[in-house]
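Trainee: Hi, I have a new structure to get to know. Could you walk me through it?

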Amino acid sequence: MSTIAIYPGTFDPITLGHVDIVVRASPMFDQVILAVAGSTSKNTIFSVEERIELASKVLEKIQNVKIIQFNGLMVDCAKENNASVILRGLRAVSDFEYEFQLAGMNRKLMPEADTIFLPTSEKYTYISSSLVREIAKFGGDITDFVPKVVKNVLIDKLAASSR
Ligand code: COA
């Protein structure tokens with residue numbers, strides 16, 4: 001039986017921290033599904049199509065990764081895709097409380113699935129998508145935080161929106 005892990009998130013945009021989680025998880029599972037949230041309370045800079053396109057480009061070399069959009073409950077998407085593992089990255093203690101609540105609630109909604117946390121690699125612990133967006137907005141260098149293609153697209157997007 002194959003083990004499928006789902007890695008849900010907003011990915012606005014995908015960062016090197018997210019990539020690190022996917023790269024390390026990919027040998028552990030038969031398939032890793034990166035599930036990009038379409039309906040989110042977050043005010044995203046990229047549309048869901050753009051976030052999927054960026055993630056696809058960045059992860060194209062990893063064979064057992066599939067990228068999909070989901071709307072509504074994450075557990076419904078997990079069930080539809082036969083995922084038995086919910087994958088999340090943990091950056092710091094500050095992530096813990098929220099992630100534990102999310103994991104507990106998801107377990108209640110889908111008892112047959114388990115959440116597995118991967119600690120983010122040390123060099124990425126301080127990265128978040130919103131900080132990356134903010135740094136880029138004010139002209140800071142985001143080279144160390146996102147893949148090159150993401151950097152270029154983000155800079156273009158911000159330039160277009162300021163015109
Ligand atoms: N490296 C870098 N950044 C990371 C990271 C890592 N390893 N892990 C998390 N982050 C950052 C993200 O960039 C993001 O930063 P931001 O808030 O500044 O943008 C933040 O940590 C958390 O984002 P993410 O991991 O994308 O999760 P999220 O909180 O945006 O998404 C969902 C949460 C979408 C998974 C969750 O709300 C969900 O499942 N929603 C669907 C509806 C549902 O099922 N609700 C019931 C839940 S019980």
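Predicted model: local features only at pLDDT ≥ 70, side-chain atom pairs only at ≥ 80, totals over all residues.

**A first look around**

Trainee: Okay! Which strand pairs with β3, and over how many bridges?

Mentor: That is β2, residues 31-37, which pairs with β3 in the parallel sense over six bridges.

Trainee: And what is the strand order in the whole sheet?

Mentor: The sheet is open and has five strands in the order β3-β2-β1-β4-β5, with parallel pairing.

Trainee: Which strands stand at the edges?

Mentor: β3 (65-70) and β5 (114-119) do. Each has a single partner strand, so one side of each is left without a neighbour in the sheet. On average, neighbouring strands of this sheet are turned by 30 degrees against each other, direction ignored.

Trainee: Which helix lies across β4 and β5?

Mentor: Helix α4, residues 93-109, lies across β4 (85-90) and β5, and it runs at about 175 degrees to β4.

Trainee: Let's switch to the ligand. Which residues come nearest?

Mentor: There are 25 residues around the ligand, and Thr 10, Lys 42, Met 74, Ser 129 and Ser 130 come nearest.

Trainee: Which polar side-chain atoms sit by its oxygen atoms?

Mentor: A polar side-chain atom of His 18 lies 3.4 Å from a ligand oxygen. For Tyr 98, an N or O atom in the side chain is 3.3 Å from an oxygen atom of the ligand. Ser 128 has a polar side-chain atom 3.2 Å from an oxygen atom of the ligand.

Trainee: How much of the ligand does the protein cover?

Mentor: The protein covers 82% of the 940 Å² of accessible area that the ligand has on its own.

Trainee: You mentioned His 18. Which residues of α1 are buried?

Mentor: His 18 is one of them, along with Gly 17, Val 19, Asp 20, Ile 21, Val 22 and Ala 25. That makes α1 (residues 16-25) mostly covered, with seven of its ten residues buried.

Trainee: What caps the N-terminal end of α1?

Mentor: Thr 15 does: one of its side-chain oxygens lies 3.2 Å from the backbone nitrogen of Gly 17.

Trainee: And where is Asp 12?

Mentor: Asp 12 is in the loop between β1 (4-9) and α1.

Trainee: Is Asp 12 buried or exposed?

Mentor: Asp 12 is buried, at a relative accessible area of 3%. A polar atom of its side chain lies 2.9 Å from the backbone nitrogen of Ile 45. Leaving out residues up to four places away in sequence, Asp 12 touches Asn 43, Thr 44, Ile 45, Phe 46, Arg 51, Ser 129 and Arg 133.

Trainee: Last one: is Glu 49 buried or exposed, and why?

Mentor: Glu 49 counts as exposed because its relative accessibility is 53%, and exposed means over 50%. Glu 49 lies in helix α2, residues 48-58. Its C-alpha atom is separated by 9.8 Å from that of Ile 68, 19 residues apart along the chain.

Terms used:
Residues numbered from 1 in each chain as written. Heavy atoms only, no water. Pairing = 2+ DSSP bridges. Helix = DSSP H or I, 4+ residues; strand = E, 2+ residues; numbered from the N terminus. Axes fitted to C-alpha atoms, helices over the stretch in contact; angles between N-to-C directions. Contact = heavy atoms within 4.5 Å. Near = heavy atom within 4 Å. Polar contact = N/O pair within 3.5 Å; in protein donor to acceptor, adjacent residues only side chain to side chain. Areas by Shrake-Rupley, 256 points an atom, 1.4 Å probe, with all protein chains shown as cover. Buried < 20%, exposed > 50% of the residue type's maximum accessible area, 1.4 Å probe, protein only.
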